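Student: Could we look at this structure together? I would like to ask about the spaces inside it and about how its chains meet.

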Amino acid sequence: MTLVMRLSRPLRSRTLGMLIVRRLLLVPLVLFAVVTIVFFAMRLIPGSPATTLGVAGTEGLSSKQIQENIDALTKTLGLDRPLLEQFGTYLLAVSRLDLGYSFFGSNSVVSLLKNTLPATIELVFTAMIIAVILGVVTGVVAAMRRGKALDSIILAFATVSFSLPWFALGVLGIIVFSVQLGWLPVLGRLPTSLGYQPTTNFVLLDAILQNRPDLVLPWIEHLILPALTLAISMAGFITRMVRASVLEVLGDDFIRTARMKGLDEWHIMSGHVLRNSSLPVVTVLGLQFGSLLGGSVITETVFSYPGVGNLLVSAVNQHDYLLVQGAVFAVALLFILTNVVVDILYYVLDPRLRKA
Amino acid sequence: MATSPEQSSSGADGSSAAREPILSVRDLRVGFRTRSGVVPAVDGVDLDLYAGEVLAIVGESGSGKSAMSMSLVGLNRGPRTMISGTAHFRGIELISASERQLRSVRGKHIAVVFQDALAALNPLHRIGKQVAEMITLHQKVSGRRAKDMAVQMLGDVGISNPRHNAEAYPHQFSGGMRQRAMTAIALANDPTVLIADEPTTALDVTIQAQILDLLKSLQRELGTAVVIVTHDLGVVADIADRVAVMYSGRIVEIGTTEQVLYAPKHPYTRGLLASTPGVTGPIPASLPTIPGSPPMGAERPDGCSFAPRCAFVLRECATTPILASHDPSDSGHQDACWLGELTIPVPDESRSTL
């Protein structure tokens, strides 16, 4: 693992190209680890897809016939082969970017992901944007009002929201805004009545490509509640980080220099504090994106939102090995690529990392 | 006690005689609130600064010299700082001035060179931008013009290839260059007063000399009045016209550099000088020291706070001595000691026994 350690060690003065190459070299290694873990973890779960499939629609058959049915399926799916051989076969297929087929229905894993991944990306990035805006604004305000009532209120909200579980928030949101107030739709991504035919499956992009401005409002209405649900706990986290970071930077000597120059508090905050205090926040943001992806699985289930998370939950329930492996593979890839972007952002923000 | 104008005819160019002080500090007190009460840092300082002079404030750590100079521009204001007294500057009373008023003074009329330039410069901004920011803030010039002026200023403080180096970030500069850049920022608007807070402490000796030379030549050129805060008597001898020696939050002696360094009156000043090794002459086996250590803020004794360490303690020392001249022929050289007040001659060998 020394290679992994070398590639992932803290950034030093390097060119941006080098940085990206180093991070991208990590991708196959991380993906290999993810695929391995998921492959074996799935097979540790009691039950098998052959059983799930073989039992379905078998009323009236004897248990012997059912068992024969299951055995035949096991053979067809290749699950009778030695585990390591199955693993080897799968790895080979993955290396050709062939993620296989779902055991249930004849869809390829790739096509299923094509349908669901854009929905998850929309959800997660919307949540991220909301969380960053909310977290930075409240964090800065709290820091500027340190020790005052407003600071305490913001901190209290941040702590509570940070500790609230996603499913509780989601259900609460549905009850209040959809059921009681009736402001927002309860479930799904878009009403079927709109007759949406995906091109890229990114609704906003398709709305432009297909010239369907009528898609936008329903899309936002469906997205806002799950995105807020996801965003709120992350925002609480960001609030606390930003507050701490701003307070630390405010104590730095160069802020005293800014004050000596005659800058007012607003210009000190916008010109000197914000960028400096964003550095630690940006670092954590990439890692927090992971927990956001985890939260999206729960949120999508609560809202019946047709994303990868939803797909993953049903796939796990059905022991749909290849689909689970493929979905986790895709989510891991999304996580890694986001972190590459975060690294680049960090590099752009802090000149000390650049080569002289 | 105030130093009256005619007594300070000691500017290097002799031109600061018979002038009104540009900055006049009276009964300045600075205290820091802590859990265990208010710790006084500055305990009633009176001080005048004249145009174009270099005044050194000397003292050891905790003597209140930095707290005093920072409170002049309100840079240590905060919920835990209590500042009282007055400091008159160009018709503004700096101590009670609003932040808004102070902002019009800071950077434009009074600027500060800080000690640790690496920490004092914003790590994410280019050097040129940090100088230009100072210019655009107080002068009505375009951004492009400000940048040109910043480059000019960087050249003036001795940064080579200033147009190129203006694009550098602080971490790409050496310590000396950073301190030069810091100086360029401070002098960018040609301030009336420059406060240099230990400007050479973080630098090695050769660079120290360069920075002092730079300060001295720019000060002469621009006619800036400089308050240089230092614990280094070498710096004082090098650059200062007048010296104020601070001990435990008070000025214990003030006078021209010659007077204070060559004819010190206060036992503390004498002890301080005696404990400074000379560059020439035999190397002493051990340097004389002043026994004990300065009282911590909260533990200051009543009366003269140097008394517990002083070799010449009198009964009178239980009462605080006032800063006054004890030489009828020269009222510019003042000290706060009962020995002078009671005209008790101090034996010459005292310097070695301290």
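**Cavities, pocket and interface**

Tutor: The second largest cavity is lined by Pro185(A), Val186(A), Leu187(A), Gly188(A), His222(A), Leu225(A), Pro226(A) and Phe303(A). This is a predicted model, where local features need pLDDT of at least 70 and side-chain atom pairs pLDDT 80 or more, while totals for chains, interfaces and linings use all residues. Residues are numbered from 1 along each chain as its sequence is written, chains are lettered from A and ligands numbered from 1 in the order written, and side-chain values use heavy atoms, without hydrogens and water.

Student: What counts as a cavity or a pocket?

Tutor: Both are found on a 1 Å grid over the protein atoms alone: a cavity is a set of points where a 1.4 Å probe fits but cannot get out, and a pocket is an open set with protein on both sides within 12 Å along at least five of seven lines. Lining residues have an atom within 4 Å of a point. Rolling a probe the size of a water molecule over the atoms shows where empty space is left.

Student: How much space lies in the second largest cavity?

Tutor: The second largest cavity holds about 40 Å³, a volume being the space filled by probe spheres set on the grid points, which are joined across faces, edges and corners. Its lining has six nonpolar, two polar and no charged residues. Here Ala, Val, Leu, Ile, Met, Phe, Trp, Tyr, Cys and Pro count as nonpolar, Asp, Glu, Lys and Arg as charged, and the others, Gly among them, as polar.

Student: And what lines the largest cavity?

Tutor: Residues of chain B line it, including His266(B), Cys304(B), Phe306(B), Cys310(B) and Trp338(B). That lining has 11 nonpolar residues, one polar and no charged, around a space of about 80 Å³. The count of cavities of 30 Å³ or more is three.

Student: Now the largest pocket, please. Which residues lie nearest its centre?

Tutor: Leu250(A), Arg259(A), Arg77(B), Gly78(B) and Pro79(B) do, out of 26 lining residues. The pocket has a volume of about 1100 Å³, and its lining divides into 11 nonpolar, six polar and nine charged residues.

Student: Which helix gives the most to that lining?

Tutor: The answer is α11(A), with four residues. Helices (DSSP runs of H or I, at least four residues) and strands (runs of E, at least two) are numbered from the N terminus. Chain A has 14 helices and zero strands.

Student: Changing topic, how many residues of chain A are in contact with chain B?

Tutor: There are 21 in chain A, in contact with 24 residues of chain B, where contact means heavy atoms within 4.5 Å. The two chains bury about 2200 Å² between them, 61% of it from carbon and sulfur atoms. Buried area is the accessible area (1.4 Å probe) that two parts lose on being put together, summed over both. On the side of chain A, Arg256(A), Met260(A) and Lys261(A) lose the most area to chain B, together 33% of what that side buries.

Student: How many salt bridges are there between chain A and chain B?

Tutor: There is one, between the side chains of Lys261(A) and Glu133(B), at 2.7 Å from N to O. A salt bridge is a side-chain nitrogen of Lys or Arg within 4 Å of a carboxyl oxygen of Asp or Glu. On the side of chain A that touches chain B, α11(A) gives the largest share, seven residues.
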